Number of protein chains: 2
Amino acid sequence: MSKKIKQYTIGIDIGGTNMKAVLFNGEKVVADYSLATPKDNLEKFMIMMNALIEPLQEKAKEDKVKIKGIGLGMAGVLDSSRRQVLNSPNLTIVNKENIADKLAEKIGMPVLMDNDVNCFIKAEARLGAGKKFKNIYGFTVGTGIGGGWWINNDVYGGATGGGGEPGEMIIDFSNEIGLEEAYHKLTQGNPSSIAEEAYRGDVLAEKTFQELGNILGLALANIVNLIDPEAIIIGGGVVESSDLFLSKVKKVMRQHIESSETRKKIKFLKSKLGEYAGAIGAAMLME
Amino acid sequence: MSKKIKQYTIGIDIGGTNMKAVLFNGEKVVADYSLATPKDNLEKFMIMMNALIEPLQEKAKEDKVKIKGIGLGMAGVLDSSRRQVLNSPNLTIVNKENIADKLAEKIGMPVLMDNDVNCFIKAEARLGAGKKFKNIYGFTVGTGIGGGWWINNDVYGGATGGGGEPGEMIIDFSNEIGLEEAYHKLTQGNPSSIAEEAYRGDVLAEKTFQELGNILGLALANIVNLIDPEAIIIGGGVVESSDLFLSKVKKVMRQHIESSETRKKIKFLKSKLGEYAGAIGAAMLME
């Protein structure tokens with residue numbers, strides 16, 4: 001017996017490179033669509049959001065199923081009301097903008113917003129690699145670096161909704177270099193092209209991925225020593241090149257975990273829902 | 001009407017320099033006692049623990065009040081059962097020892113154990129500087145550096161009981177230098193003597209405290225970006241010299257907090273219960 005689907009939700013994952021949207025029936029993706037993220041001006045951004053949503057609305061119309069609303073996963077720091085983007089380093093046009101209300105007005109549907117990695121970890125915890133765990137840290141490596149934490153059956157919000165963020169973590173105090181900055185220096189904002197070079201055997205590119213493994217491993221050890229999760233789930237575009245550096249990440253992380261018990265027990269997993277994980281979690285905001 | 005006190009608990013805070021004990025009536029300290037921590041061998045350590053407890057047992061006898069048991073706050077990483085010390089960097093004689101059972105056997109009373117900074121933050125949250133808050137990170141600077149986190153009306157334990165620890169936080173990835181290590185390099189294991197020199201106007205000692213303020217501020221920013229607490233409560237021996245560096249800690253921390261909302265709202269407080277805060281929290285383990 002399959003229960004009758006009464007409504008769909010739309011989930012949109014706004015990344016620094018692409019924006020991905022899904023039409024979701026509460027259990028699985030009914031349709032998906034992706035476009036490059038417009039980064040020049042906000043008006044164009046809103047128009048392309050509309051273009052991203054239209055095919056999904058068509059599909060819902062065909063299926064004769066109502067859309068309840070839109071969930072928006074946004075890279076960057078949001079305010080505690082989850083309506084405004086305070087700071088999105090890789091998509092500065094949305095900074096200080098009340099994107100949730102703007103989109104709701106444009107489309108005529110209710111809109112809820114959360115951080116993109118919060119959406120990612122929610123989807124993975126409920127339907128993906130984290131189903132067996134109660135305390136999971138989600139870590140994404142793509143255009144930028146993001147984090148989100150699943151505990152007590154919910155995304156951890158913190159006092160002002162700003163928790164989980166690893167990007168500003170200072171990993172070189174004498175030069176005041178943060179994780180995100182070190183990541184950008186290493187990958188020059190284009191990790192996939194460096195991955196291509198590494199696959200072609202370029203020694204410098206291979207070395208870059210080893211260094212990347214080193215800083216990500218250290219950052220994850222810092223996080224594990226603080227929040228002691230059962231599992232880490234890694235996602236984002238760079239996971240596709242994971243064989244280049246994930247074993248290094250794991251090794252360095254374990255070396256720097258303080259508790260021998262944690263070191264033994266912690267699980268290190270790859271995203272199971274793939275590139276639409278964040279959009280699925282965004283769709284779940286509307287449930 | 002004051003309710004009749006039916007029983008006492010003993011709390012012991014084992015630090016890298018001193019061990020401090022209190023006789024606690026559930027609301028306040030009835031008697032306290034402190035001894036230097038023996039660091040050469042475990043037998044001597046157990047004998048001095050006994051010597052630390054005896055005067056408190058005498059006092060309870062005088063008052064004709066029964067002692068329910070002993071709570072032990074221990075610097076370092078404990079196993080998830082809270083019976084064994086896995087790794088205490090500043091008191092290596094207890095490593096891999098089941099201190100809780102050893103003490104229970106020696107004294108003939110039940111013993112519960114937790115990390116010393118977990119005890120500190122529990123006491124401050126319930127009776128001290130944190131009474132108004134629900135989400136508080138406790139940070140202690142003494143012989144070593146420790147951390148503990150109060151959330152959902154309890155100390156955060158994590159998956160294996162190892163959460164909250166900042167000491168291993170890597171803050172210089174190229175040289176793989178952790179916070180605890182950088183702290184020891186700066187203070188040479190004797191922060192109070194450097195504080196004395198700084199008070200006497202020694203320029204080098206003053207500079208050391210400024211650098212200390214810098215690394216502690218960066219470490220706290222890393223922590224705040226991850227767990228987004230309402231307040232930070234700072235404790236430990238170095239707080240006595242706090243005018244030398246706390247303003248620097250605060251300034252650097254705020255500079256590196258990612259969310260502008262968090263930056264504005266977060267409270268930075270000093271311990272209210274003073275040097276016996278950890279022992280009071282240890283006594284609370286037995287309640």
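Predicted model: local features only at pLDDT ≥ 70, side-chain atom pairs only at ≥ 80, totals over all residues.
Two strands pair if DSSP finds at least two bridges between them.

**The complex as a whole.** Display every chain. The predictor assigns the complex an ipTM of 0.91 and a pTM of 0.92.

**Chain A, coloured by confidence.** Select chain A, whose mean pLDDT is 92, with 98% of its residues at 70 or more. Within chain A, go to helix H9, residues 277-284, where confidence is highest at 98. Then move to helix H5, residues 191-199, where confidence is lowest, at a mean of 86.

**Strand E9 of chain B.** Now select residues 145-151 of chain B, which form strand E9. Is this strand mostly covered or mostly exposed? Strand E9(B) is mostly covered, as 7 of its 7 residues are buried. On one side, highlight B:Ile145, B:Gly147, B:Trp149 and B:Ile151; on the other, B:Gly146, B:Gly148 and B:Trp150. Both faces of E9(B) are covered.

**The neighbour before it.** Select B:Asn135 to find one end of a bridge; its partner in E9(B) is B:Ile151. A hairpin of 3 residues connects E8(B) with E9(B).

**The neighbour after it.** Finally, select B:Asn152 in the hairpin of E9(B) and E10(B), which has 2 residues between the strands. There, B:Asn152 adopts a positive phi near 55°.

Definitions and conventions:
Residues numbered from 1 in each chain as written. Chains lettered and ligands numbered in written order. Buried ≥ 20, exposed ≤ 12 C-beta atoms within 10 Å, placed from the backbone. Helix = DSSP H or I, 4+ residues; strand = E, 2+ residues; numbered from the N terminus. pLDDT = per-residue confidence, 0-100.
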